Amino acid sequence: MLSYIRFRAQTAAICAGLLLTATGCKDFLEEDNRSSLTQENYFTNATQAQSAVDGLYNRLRIMNTDVGYGESIWVGLELMAGHATTLGQSFNNSQLINQSIDPANPYFSNMWNTAYNGIAAANLAITRIPAVSMDETQKKSLLGQAYFVRAFLYYHLVRLYGDVPLLTVPVDGSSADLYPTRAPQTDVYNLIIADLQAAEQSGLPAVDRTGRISQGAVKALLSSVYLTTAGYPLQIKANYQKAADKAAELIDANSYPLFVTKTVKTKVDSAVYINLHNNASKNQGELILQAQYAFGIATNAISALVIPYFVGISKYNDEFGAVIPTPAFYNSYEPGDLRTKEQQFYFSKYPSIKNAGQTVNFGTQALYKYFQVESATGNGVGDENWTLLRMPEVMLIYAEAVNEAGSANAKAYEQINAIRRRAMLPELRGLSQAQFREAVWKERYHELAYENKAYFDIQRTRQTYDVVNNRFVNVVGFKAEVGPAFQEKYLLWGIPSAEINNNKKLTQNPGW
């Protein structure tokens, strides 16, 4: 029940801590008897306030929530976009692909419950910290981080479920919101924007390379929110310009440089894209915000999920084959695109972990973009960071938003061309508004491939990438590379059945 989860989270949240790889702090995982802690007696000093906000960073790992064997929230989102399949044994993954899933499945319930757990924790911090006697600068910063986390979680909820309960204060057994109704999407987006604007004014650093929330992360997320609200279902066209303006602030600051392609006598340095998923580059360069992981503190199965089913190239206990790019999507890249070269975004073979000197050929392209060499060939325990926001997305938001607000200018062309130059592709020039729009959309698919952007792009544009014919088409009724034709109801997720059963004020989304 949602009400129970919120109540439980508000007490549990005060005990959480933050993983920041720069500090190497592990204290937050140590057991401590906190049975006497309550909402009322915990927020009494600066240390407790800091600990409560530190605990919110765990909530940024939501996309890596395990749903079942070979199942993770980020995997489910990619399968729904229609350009990936699964070679593993997951029942729910297969149901997503075949569009036969129902609202009782763990994908829908885990996302809902995890997000509202985090919102409850953020609400508690936002409500209690103002009364704590502490340094005002630190207090503002802590509140800014809490506002960001709440906005981040609501942003995922409102896009996935549409109208959702809008809770902004702690809830207990006597609260009027114990059994809430669904709030209109407009109200939810208004809160998200207000929270991010508050975070902007909270004195956060412009850039943070330790994994904490920064002004850069706030502006990047806000630009994404504006772009989304300019599209379906709200279609607030004026927000295209707001998206462009907010993205321009980051572009002009030049604080998140792209990992560059180095050449020596025309030979490309193959390490350029590995910076997106190796340990040495965590929180660096173009990486604006990542969910933090480190061996011995918090680990994940991201790398194991992308390896074809038990091909034997790693020391992981499992190689899930959970999300495998379709051949048609891989072939949709332009000829010569560096991202398609072996061990850039994709790989089709790798040395056997058991038989020295032997190479395993997969028979398909897998996602090298998430293959963590350090753990796959080392201790077999994955700890790569999950990227939430990176600079190429902001650059493409600017390009698209400027084009929709009027027409593409030189700065818009430079954003998409900088990404294309890195990929060793020719620059674009002289396109019509419609041509530029599709060029940006295509670049989003190719550059941000399998980063949980495609499904949300489908929702806001109602268009999907027909990779076979290299064009964009109405998503409803279109049959992509796998599964049946796209059903309109899959533009939203179903409200979890358990929530409907326990809260009679909740209604179900159409078709579910």
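Okay, let's start with a meeting of two helices: Gly 144, Tyr 147, Phe 148, Arg 150, Ala 151, Tyr 154, Tyr 155, Val 158 and Arg 159 in H7 are in contact with Gln 185, Val 188, Tyr 189, Leu 191, Ile 192, Asp 195, Leu 196, Ala 198 and Ala 199 in H8. Contact here means heavy atoms within 4.5 Å. The residues of this contact split into 13 nonpolar, two polar and three charged. For the sorting, Ala, Val, Leu, Ile, Met, Phe, Trp, Tyr, Cys and Pro count as nonpolar, Asp, Glu, Lys and Arg as charged, and the others, Gly among them, as polar.

Quick note on the source: this is a predicted model, where local features need pLDDT of at least 70 and side-chain atom pairs count only at pLDDT 80 or more, while totals for chains, interfaces and linings use all residues. Residues are numbered from 1 along each chain as its sequence is written, and side-chain values use heavy atoms, with hydrogens and water left out.

So how do H7 and H8 cross? Their axes come within 8 Å and cross at roughly 155°; axes are lines fitted to C-alpha atoms, for helices over the stretch in contact, with angles from 0 to 180 degrees between N-to-C directions. That makes the pair roughly antiparallel (under 35 degrees is roughly parallel, over 145 roughly antiparallel, 65 to 115 roughly perpendicular, the rest oblique). Helices, by the way, are DSSP runs of H or I with at least four residues, strands are E runs of at least two, and both are numbered from the N terminus.

Which residues touch the most other members of the largest nonpolar core? They are Trp 74, Phe 148, Tyr 154, Tyr 161 and Ile 192, out of 160 residues. H7, residues 136-161, gives the most to this core, with 14 residues. A nonpolar core is a set of buried Ala, Val, Leu, Ile, Met, Phe, Trp, Tyr and Cys residues joined through side-chain atoms within 4.5 Å. Buried means under 20% relative accessible area, exposed over 50%, and partly exposed in between, with a 1.4 Å probe and protein chains only.

Now for Met 395, in helix H14 (residues 391-405). Buried or exposed, at 6% relative accessibility? Met 395 counts as buried. Leaving aside neighbours within four places in sequence, Met 395 touches Ile 251, Leu 258, Gln 415, Ala 418 and Ile 419.

Last one: Gln 365 sits in strand E9 (residues 359-367), and at 15% relative accessibility Gln 365 counts as buried.
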